[in-house]
Amino acid sequence: MLEIDNSLIIIVDMQDRLLQAVRKSTILEKAVVLAKACYILGIPIVITEQYPKGLGHTTQELVDVVSPETQLFEKVDFSALRSEEIAQSIDKKGKKQIILCGVETHICVFQTAVDLLQRGYEVYLLQDVSSSRFESDEETALAALSDMGVGICSLEMLLFDFLKSADHPSFKAIQSLIK
């Protein structure tokens, strides 16, 4: 089970130009809910941007709701972990459970997940907050990651797993985000 104190969220390449190209229209809305929930629960977030000179920066809707402590990194490699700066930042946070989401599922999200597994992290992928241009690419990536031991879950599964009970002090605040 996921633990709030042992978790880190990585939001991969939620840039306007990439979001326009993927097939799931709700991932930005769900990423905003995720960011707000992380702020409430005190879960750190790392955001990556793939080649922002050509693809633009992280969508403003997401930037507007993340905690001021959120770290944002530019990258050119598909895996975020190939950037030593990003890898060190993740390692320094001391979290063992990494939850990934973003675009594209079969490229940057996939390669980041594989590298996280190789570094010994417990990895989860939010399938409803991730997308690719083509369904077949996304399905192939999800199956491969599941076979490698990545936990595939949804945003609501994740949030209620963090809360564990309706008695959690943040239950009502989180519930209001998903209604």
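Modeller: Two strands count as paired if DSSP finds at least two bridges between them. Helices (H or I, at least four residues) and strands (E, at least two) are DSSP runs, numbered from the N terminus. This is a predicted model, in which local features need pLDDT of at least 70 and side-chain atom pairs count only at pLDDT 80 or more, while totals for chains, interfaces and linings use all residues. Residues are numbered from 1 along each chain as its sequence is written, and side-chain values use heavy atoms, with hydrogens and water left out.

Colleague: Which order do the strands of the open sheet have?

Modeller: Strands of a sheet pair through backbone hydrogen bonds, either parallel or antiparallel. Here six strands form an open sheet with parallel pairing, in the order β3-β2-β1-β4-β5-β6. The edges are β3 and β6 (151-153); each has a single partner strand, so one side of each lacks a neighbour in the sheet. On average, neighbouring strands of this sheet are turned by 25° against each other, direction ignored.

Colleague: How many bridges join β1 to β2, and how many join β1 to β4?

Modeller: Four parallel bridges link β1 (residues 7-12) with β2 (residues 45-50); in this part of the sheet V12 faces T48 of β2. Six bridges, again parallel, link β1 with β4, and S7 has Q97 of β4 as its bridge partner. On to β5: β4 is joined to it by six bridges, and the two run parallel. There I99 stands opposite Y124 of β5.

Colleague: Is β4 enclosed or open to the outside?

Modeller: Buried means under 20% relative accessible area, exposed over 50%, and partly exposed in between (1.4 Å probe, protein chains only). Seven of the seven residues of β4 are buried, so β4 is largely enclosed by the rest of the structure. In a regular strand the side chains alternate between the two faces of the sheet.

Colleague: Which strands does helix α6 lie across?

Modeller: Contact means heavy atoms within 4.5 Å. Axes are lines fitted to C-alpha atoms, for helices over the stretch in contact, and angles run from 0 to 180 degrees between N-to-C directions. Helix α6 (residues 105-118) lies across β1, β2, β3, β4 (97-103) and β5 (122-131), at about 165° to β4. Helix α8 (residues 155-163) also packs on the sheet, where α8 touches β1, β4, β5 and β6 and makes about 135° with the direction of β5.

Colleague: At what angle do α6 and α7 cross?

Modeller: Two packed helices are described by the angle between their axes and the distance between the axes. The axes of α6 and α7 (residues 135-148) cross at roughly 10° and come within 10 Å. That makes α6 roughly parallel to α7; angles under 35 degrees count as roughly parallel, over 145 as roughly antiparallel, 65 to 115 as roughly perpendicular and the rest as oblique. Residues in the contact include F110, A113 and L117 of α6 and A141, L142 and M148 of α7. The contact comprises nine nonpolar, two polar and two charged residues. In this grouping Ala, Val, Leu, Ile, Met, Phe, Trp, Tyr, Cys and Pro are nonpolar, Asp, Glu, Lys and Arg charged, and the others, Gly among them, polar.

Colleague: And how far apart are the axes of α2 and α9?

Modeller: The axes of α2 (residues 27-41) and α9 (residues 171-178) are 10 Å apart, at an angle of about 175°, and the two helices are therefore roughly antiparallel. V33, K36, A37, I40 and L41 of α2 meet A173, I174, L177 and I178 of α9. Eight of the contact residues are nonpolar, none polar and one charged.

Colleague: Which residues does L163 touch?

Modeller: L163 lies in α8 and is buried, at a relative accessible area of 4%. Neighbours within four places in sequence aside, L163 contacts L41, H168, S170, F171 and I174.

Colleague: What do the side chains of S131 and T70 reach?

Modeller: A polar contact is a pair of N or O atoms within 3.5 Å; within protein, one must be able to donate a hydrogen and the other to accept it, and residues adjacent in sequence count only if both atoms are side-chain atoms. S131, in β5, is buried at 0%, and its side chain reaches the backbone nitrogen of K24 at 3.2 Å. T70 sits in the loop between α4 (60-63) and β3 (71-75) and is buried at 17%. The side chain of T70 reaches the backbone oxygen of S67 at 3.0 Å.
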